[in-house]
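Please look through the model below alongside these notes, which take one local feature or region at a time.

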Amino acid sequence: MKLSKFNIKKINIKDVDNNYIGQDILLKLGELYQFESGIYGYGNIWTKLERIVENIIIDELDKADCIQVEFPKLQPRKIWDQSNRWNTYTKDGDIMFTLDNNLGEYGLAPTAEECATIFGANRLLSYKQLPTTYYQISEKFRKEIRTRGYLFRPRTFVMMDAYSFDKSEENMVETYNKMHTVYQNIFKRLGINIYTTISDNGTMGGKVSEEYQAITKLGEDIILYNENNNKAINKEVINDDNKDIYLNKLEVNNIDDLKSANSVELGNNFQLGTTYSNSMNLYFKDEYGNDKPYYMGCYGIGLGRIIATIIENNIIKDKDKIKGFSIPYSLAPYKVQIIYKEDKEREAKRIYNYLLENSINCILDDRDGYSLGNKINDVYTLGTPYMIVIGNKFDGTNIEIEETKSGIKEIINIDNLKEFFDKKSM
């Protein structure tokens, strides 16, 4: 990608929000655009990073035999009346955006349990077709009164939501545990250390649920966690009557043995039981021909929060001065950014074309009117993990590659560039 095509804005790094550095950099560059509070448009870097995260999630879900589908974002009130949740989401909690016109009343999907239950019941008519898990990756809409942290709590966001169907409670628990393993694999590949946190089911229904919390100083939750097993509880439950049960699940006897940290919820899983199949009167036939309710689970992962966490947890500072951020190599849309002096354009383009021919996504800073120093500074604002500077020291054969996060530099022969980046991908 040629940087002249990005049309990014010039920014003063000193003006960046110290609380949400990475996201504010992207906002000031124009790579994020806020139409109004909690509603964003996404530029090239964010969108490509989202596709990478999305593909990791899809890959792990597909390995677990989950089936990708898509439910409508515009949902009729009648299906929410079937589950008795319309008032819960529109009046009691006032969560759902609604539309009322001559065609009827509709809601913009904050979640999709109703759609998923109807969709599943239309296909899963017999016990022989169970278990089955459907998932989608789509935009959701919620009337957040207090948006915060850019993509940590917006009003529209992209989420993976999955819905499992089983014939018994025992089978539902098996699927729930299977999805727990899937989530562990997803977050491991994303390079995010997750603490499985005991949580409340809230408006989702059912009795058992868990959150997947990532430690970040920007998180609005506070968890108490056991480092030995990556399990945690939300601090707000320490005064709960079931405190001892929670501590037992954490495999500790004393709250003082736990560490405390701010965290952000990146995913959650729920055992819904028969909440939706019973309330919506949707059943399958068992081996005796009797109508039986589906035992369901639902599972969510917030892609926007994941990307925000990755960016904010990889901020680069030099003596407490903000430089930018660096996306981990395995996730970065562009692996290296090429900077060159005006009289080295031909050599820079040769290296750029060589990398592209070898399927190494890179950025060539071909903008006119920018000094070498300005171009180097902009590498950090785009989160590129490596940079190549073609300056006066370039001898035509060996180039200096710098890792942006650590500042470590290496001299590599041009002919060995592919091998260098191939090793980073392993």
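1. Helix H11 is followed by glycine 383, whose phi is positive, near 75 degrees; helices here are DSSP runs of H or I with at least four residues, strands are runs of E with at least two, and both are numbered from the N terminus. This is a predicted model, in which local features need pLDDT of at least 70 and side-chain atom pairs count only at pLDDT 80 or more, while totals for chains, interfaces and linings use all residues. Residues are numbered from 1 along each chain as its sequence is written, and side-chain values use heavy atoms, with hydrogens and water left out.

2. The buried residues of H11 are Lys375, Asp378, Val379, Tyr380 and Thr381, where buried means under 20% relative accessible area, exposed over 50%, and partly exposed in between, with a 1.4 Å probe and protein chains only. The cover over these residues includes helix H1 (21-29), strand S17 (315-318), S18, S19, S21 and S22. Aspartate 378, which lies in this helix, counts as buried because its relative accessibility is 14%. Apart from neighbours within four places in sequence, aspartate 378 is in contact (heavy atoms within 4.5 Å) with Gln337, Arg367 and Tyr370.

3. Which helix gives the most to the lining of the second largest pocket? It is H11, with five residues, and the elements that give two or more residues to this lining are strand S18 (321-325) and helix H11 (372-381). The pocket holds about 520 Å³ of space and is lined by 19 residues, of which Ile11, Asn12, Ile13, Lys14 and Asn377 lie nearest its centre. By class, the lining divides into five nonpolar, six polar and eight charged residues; Ala, Val, Leu, Ile, Met, Phe, Trp, Tyr, Cys and Pro count as nonpolar, Asp, Glu, Lys and Arg as charged, and the others, Gly among them, as polar.

4. On the method, a 1 Å grid over the protein atoms alone is used: a cavity is a set of points where a 1.4 Å probe fits but cannot get out, a pocket is an open set with protein on both sides within 12 Å along at least five of seven lines, and lining residues have an atom within 4 Å of a point. Grid points are joined across faces, edges and corners, and a volume is the space filled by probe spheres set on the points. The structure holds one cavity of 30 Å³ or more, and the largest cavity has a volume of about 50 Å³. Its lining includes Arg148, Arg153, Glu220, Asp221, Glu265 and Arg305, and the residues of the lining divide into three nonpolar, two polar and six charged. Strand S13 (residues 259-273) supplies the largest share of this lining, three residues.

5. Tyrosine 334, found in the loop between S18 and S19, is buried, with a relative accessible area of 7%. Not counting residues up to four places away in sequence, tyrosine 334 touches residues that include Met1, Phe6, Asn44, Ile45, Asn361, Cys362 and Pro385. From tyrosine 334 to isoleucine 360 the separation is 26 residues in sequence and 7.8 Å in space, C-alpha to C-alpha.

6. Towards the end of the numbering, strand S22 (residues 398-403) and strand S23 (residues 409-413) pair in the antiparallel sense over five bridges; two strands pair if DSSP finds at least two bridges between them. Glutamate 402 has lysine 409 in S23 as its bridge partner. The two strands S22 and S23 form a hairpin with five residues between them, and glycine 407 in the turn has a positive phi of about 80 degrees.

7. In helix H12 (residues 417-424), Leu417, Phe420 and Phe421 are buried. Seen down the axis of H12, these residues fall within an arc of 85 degrees, taken from the directions from the helix axis to the C-beta atoms, so they line one face of the helix. What covers them includes strand S19 (336-340), helix H10 (345-357), strand S21 (386-390), S22 and S23.

8. Some backbone angles deserve a second look. Most residues other than glycine have a negative phi, and most peptide bonds are trans. Asparagine 7, in the segment before H1, has a positive phi near 60 degrees and is exposed, with a relative accessible area of 64%. The peptide bond from leucine 130 to proline 131 is cis, with omega near 5 degrees.
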